[in-house]
Amino acid sequence: MHYHWNWSIFFSRVPSGETTYLTWLLVGLQWTVALSLVSWITALVIGTVLGVFRTTPNRWLRGFATGYVAIFRNIPLLVQLFIWYFVIPELVPQRLGDWFKQTNPLAQEFIASWLCLGLFTAARVTEQVRAGINSLGPGQKGAGLAMGLSLPQTYRYVLLPMAFRIILPPLTSEFLNTIKNSAVATTVGLVELSRQAQQLVDYTAQPYEAFIAVTALYLVLNGLVMFFMHVLERRTRVPGYMVSR
Amino acid sequence: MYEFDWSSIPGALPYLAHGAIITLEITFTAIVVGIIWGTLLAVARLSSITILARLAALYVNLFRSIPLVMVILWFFLIVPQAIQSLFGGAIQDIRLPSALVAYSLFQAAYYSEIIRAGIQSVPKGQASAAYALGMSYGQVMRLVVLPQAFRNMVPLLLTQSIILFQDTALVYVIGLGDFFGTAQRVGERDGRIVELLLFAGAVYFVICSASSYVVKRLQERAA
């Protein structure tokens with residue numbers, strides 16, 4: 001094989017001369033992390049609300065949440081992203097659409113990717129929250145109500161605190177999925193990690209180094225999230241409730 | 001207000017059908033190869049040969065920790081060049097073969113986790129009984145454990161396959177004209193991207209909802 005390995009490529013300057021290729025990678029990492037985090041927070045908030053909706057006695061709320069999950073789970077992520085990026089700006093009131101199209105491209109890419117990934121992941125979180133609440137059995141809810149708590153109070157003080165501690169492991173894998181799914185934003189041009197890998201292939205003659213470095217960065221991100229979630233899991237474990245592995 | 005104009009879709013149906021064939025080709029290749037390779041990985045991971053188990057675990061964890069987009073790009077940009085520089089030969093249009101390989105190897109990692117759980121759900125006594133009858137390891141797996149395991153995991157394998165079907169749209173990153181890619185191109189060509197994207201989304205929605213419904217019914221019948 002006549003390939004010349006050159007790991008110092010990351011310290012050489014980019015064509016415009018301002019920075020090094022390493023900075024490009026770090027910029028990509030920064031956008032991947034930023035997009036994953038804001039999408040994850042969005043997904044947690046909306047997913048919790050809809051997950052509660054799915055378990056309430058109110059038929060309309062249940063129907064709404066069920067419909068939401070059906071739509072967002074049955075359309076591919078990439079199609080959803082393109083709809084947010086190309087379609088929604090045409091369909092919203094003209095002033096909002098015009099504002100979106102005139103704002104700077106990076107903001108457009110980021111907002112569309114954020115809405116897409118956040119709402120997509122929310123559907124998955126909804127299902128986890130629902131499963132968590134349902135796993136508690138009717139006794140907990142009954143006990144809360146019998147104590148004189150209102151239904152919202154029962155959710156706030158009894159059901160949700162337990163449910164979240166139970167579903168922490170599946171939520172961890174959803175967070176990891178969010179990080180992986182953020183790579184889809186490359187298709188609308190957001191300069192996240194996987195886009196930077198392609199850029200480095202285009203600009204340098206060192207495709208192997210670029211791809212190995214980016215893959216390693218994804219692995220490190222994964223490892224970090226798993227580590228912190230594991231700590232959180234141990235801290236919040238319900239004593240005696242379940243045998244964790 | 002935006003004015004919809006759906007007139008470019010009927011004329012584009014032949015192209016879209018051709019794209020849909022590519023989508024299905026990737027989906028079914030990845031299902032078949034993925035399940036076979038995934039079964040081997042699961043068996044390897046549960047084997048008593050430590051090195052084999054470690055290698056299988058490494059493979060599965062590696063593929064499960066990197067984005068599918070990266071895997072597709074690896075097999076499109078990097079692996080073919082490496083093979084070419086090793087064995088020589090000209091590179092032709094490798095988009096479809098590289099996508100088939102990428103999806104098969106990627107899906108195998110996900111299938112193997114489902115299959116591993118399925119194998120572990122078969123009570124130990126079943127394997128012991130088969131050994132007591134004088135069966136070899138291969139016979140125990142093939143005739144006793146795997147048939148029962150597969151029965152348990154059919155719904156999960158099908159759900160994973162629906163996810164795979166949705167994920168095939170990502171071949172967009174290597175410019176392969178699958179159903180979605182074709183819809184997007186037709187939309188750009190005719191300046192009707194809004195209609196074509198909504199149409200593509202609706203088609204995926206109908207297919208995936210119907211398949212999920214069937215899987216759910218299957219699950220209820222099995223339970």
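This is a predicted model: local features need pLDDT of at least 70, side-chain atom pairs count only at pLDDT 80 or more; totals for chains, interfaces and linings use all residues.
View 1. Along its principal axes, the C-alpha trace of chain A spans about 75 × 50 × 30 Å. Chain B has eight helices and zero strands, in the order α-α-α-α-α-α-α-α from the N terminus on, and its C-alpha trace spans about 70 × 50 × 25 Å along the principal axes.

**View 2. The contact between chain B and chain A.** Chain B contributes 32 residues to this contact, and chain A contributes 32 residues. On the side of chain B that touches chain A, the elements that give two or more residues are helix 3 (68-87), helix 6 (137-167), helix 7 (179-190) and helix 8 (193-222) of chain B. Of these, helix 8 of chain B gives the most, with 11 residues. Sorted by class, the residues on the side of chain B that touches chain A comprise 23 nonpolar, eight polar and one charged.

**View 3. Helix 3 of chain A against helix 8 of chain B.** The axes of helix 3 (residues 77-91) of chain A and helix 8 of chain B come within 9 Å and cross at roughly 140°, and the two helices are therefore oblique to each other. Their crossing is left-handed. From helix 3 of chain A, the residues Val79(A), Phe82(A), Ile83(A), Phe86(A), Val87(A) and Glu90(A) meet Ile193(B), Val194(B), Leu197(B), Leu198(B), Ala200(B), Gly201(B) and Tyr204(B) in helix 8 of chain B. This contact has 11 nonpolar, one polar and one charged residues.

View 4. Helix 4 of chain B, with 26 residues, reaches 38 Å from its first C-alpha to its last, which is close to the 38 Å expected at 1.5 Å a residue.

**View 5. Helix 2 of chain B across helix 4 of chain B.** Helix 2 (residues 50-65) of chain B and helix 4 (residues 95-120) of chain B have axes that come within 9 Å and cross at roughly 115°, so that the two helices are roughly perpendicular to each other. Helix 2 of chain B passes helix 4 of chain B in a left-handed crossing.

**View 6. Helix 3 of chain B against helix 4 of chain B.** These helices pack at an angle of about 130°, with their axes 9 Å apart, which makes helix 3 of chain B oblique to helix 4 of chain B. Here helix 3 of chain B passes helix 4 of chain B in a right-handed crossing. Helix 3 of chain B supplies Leu68(B), Val71(B), Ile72(B), Phe75(B), Phe76(B) and Pro80(B), while helix 4 of chain B supplies Arg95(B), Ser98(B), Ala99(B), Val101(B), Ala102(B) and Phe106(B). By class, this contact has 10 nonpolar, one polar and one charged residues.

Note on methods: Residues are numbered from 1 along each chain as its sequence is written. Chains are lettered from A and ligands numbered from 1 in the order in which they are written. Axes are lines fitted to C-alpha atoms, for helices over the stretch in contact, and angles run from 0 to 180 degrees between N-to-C directions. Helices (H or I, at least four residues) and strands (E, at least two) are DSSP runs, numbered from the N terminus. Angles under 35 degrees count as roughly parallel, over 145 as roughly antiparallel, 65 to 115 as roughly perpendicular and the rest as oblique. A crossing is left-handed if the near helix is turned anticlockwise from the far one by less than a right angle, and right-handed if clockwise. Two residues are in contact if their C-beta atoms, placed from the backbone, lie within 7 Å. Ala, Val, Leu, Ile, Met, Phe, Trp, Tyr, Cys and Pro count as nonpolar, Asp, Glu, Lys and Arg as charged, and the others, Gly among them, as polar. The expected span of a helix is 1.5 Å times one less than its number of residues.
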